[in-house]
Amino acid sequence: MSTTERNERAKNYITSKLDNAQGHDEQRFVGLSDYEAISLTLDDLIKVKAMGFRGVVATALTGMHLNPTTYNPLTRFYDCNPRSIFEQGIFYAFEGRVPCGKSDPLNVAKNQYSLDNAWATGKRPQKAAMAAVAFLERVVNETNTGVMDLLVEFFFYRLYQYAESVRSIVIVAPESAQVSHQEFAHKLSKFTYDYPESGTTPQLVISLLLEECFSTSQVSVIGGDESVFGTNTTSKKPADIWLELDSKSYNLYEVTVKKIDYKRLDDSLQALQAMEMLDKSVHFICRLPEDVSTLTEYQDGVCLYKGKSFNFVDLKQFILTIVTLLDADAIERVTDNLVQFISQIERPVSTKEGWNTVFN
């Protein structure tokens, strides 16, 4: 079987399991001898923000489907080529149907061969990791084929039900005409601070605000709709966001809600040097002063490091200031884009509920 064929079979397997789950109900599974225990295990595994452990189990079950006689995910997880079958198969079956990322199993089990308590210990949340191990042990050690199939169906049923509960959350859209500029700006900054999703939210917010600022000019805002995960060195980007005029880049923006240390500045220098952009202005949009507390050379919004001046702007103040430059229509477009983004099934429940709490 070629890699392409295997990945397509992986996608079709997951798709069929989710399709079948739509026609099931809980009563189908109560006959399991350990129904209560399995039910609690699946709650711990599925009803969490962390998507990686659900991805590990889905990948392991798919591997067992593709190689039913030889594959054991507990001892040889990587034998199923998890990166390939997830990123090129399972992901496309999950996309738009189940909350997932592009590399879920690799985020928690990269280069991991044994899925056991030693692997699960220390993971966050550990309860979800332990649940993944417990459920896979239950499936792998089941000798009755009918019961094993029922256990697998139970996982996908609960996964589908969880996805439906996430999908059912209605995201409120505040009426821009009823909200003043600074009231909107303060709410937006609070949401950005309190629900940053490791930087995804602030990067999108800053990108949308900049796009509206330059919407009537020839300036293009680049990079804001790309993933914020990974370093600039690996993503081949000079910064999170940057401006371009006449195909020439200027004003590079790093958007973060994490501590900025000298390693982060070194990463930036390395990316700039590789792309021959050391002469461009770099602006970190972050939380001041907490995010620059380890930068001893920082003073008055600037840190001179290895001959390069790095600028720092407070995230909240940036949002408050930029909103003053927008009209009501622009604020409405920003709001609509954010509502569309937050409504995606991939967004964590906490982000959805956080938006509704802040803006309702």
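This report covers backbone geometry and aromatic ring pairs in a predicted model.

## Basis

The model is predicted, so local features need pLDDT of at least 70 and side-chain atom pairs count only at pLDDT 80 or more, while totals for chains, interfaces and linings use all residues. Residues are numbered from 1 along each chain as its sequence is written, and side-chain values use heavy atoms, with hydrogens and water left out.

## Cis peptide bonds

Most residues other than glycine have a negative phi, and most peptide bonds are trans. Arg 124 and Pro 125 are joined by a cis peptide bond with omega of about -10°. Pro 125 lies in the loop between helix H7 (117-120) and helix H8 (126-140). Helices (H or I, at least four residues) and strands (E, at least two) are DSSP runs, numbered from the N terminus.

A cis bond also runs from Leu 288 to Pro 289, where omega is near 10°. Pro 289 sits in the loop between strand E4 (282-286) and strand E5 (302-305).

## Positive phi

Asn 111 is not a glycine, yet its phi is positive, at about 55°. The residue is placed in the loop between helix H6 (104-109) and H7. Asn 111 counts as exposed because its relative accessibility is 57%; buried means under 20% relative accessible area, exposed over 50%, and partly exposed in between (1.4 Å probe, protein chains only).

Lys 306, also a residue other than glycine, has a positive phi near 50°. Its place is in the loop between E5 and strand E6 (308-314). With a relative accessibility of 61%, Lys 306 counts as exposed.

## Aromatic pairs

The structure holds 20 aromatic pairs. Rings of Phe, Tyr and Trp (its six-membered ring) pair if their centres lie within 6.5 Å; planes under 30 degrees apart count as stacked, over 60 as edge-to-face and the rest as tilted. Phe 155 and Phe 156 form an edge-to-face pair, at 5.0 Å centre to centre and 80° between the planes. Both Phe 155 and Phe 156 are buried.

Tyr 298 and Phe 312 have ring centres 5.5 Å apart and planes at 85°, so this pair is edge-to-face. The pair links distant parts of the chain, 14 residues apart: Tyr 298 is in the loop between E4 and E5, and Phe 312 is in strand E6. Tyr 298 counts as partly exposed at 24% relative accessibility, whereas Phe 312 is buried, with a relative accessible area of 5%.

## Aromatic cluster

One aromatic cluster is formed by Phe 184, Phe 191, Tyr 195, Trp 355 and Phe 359.
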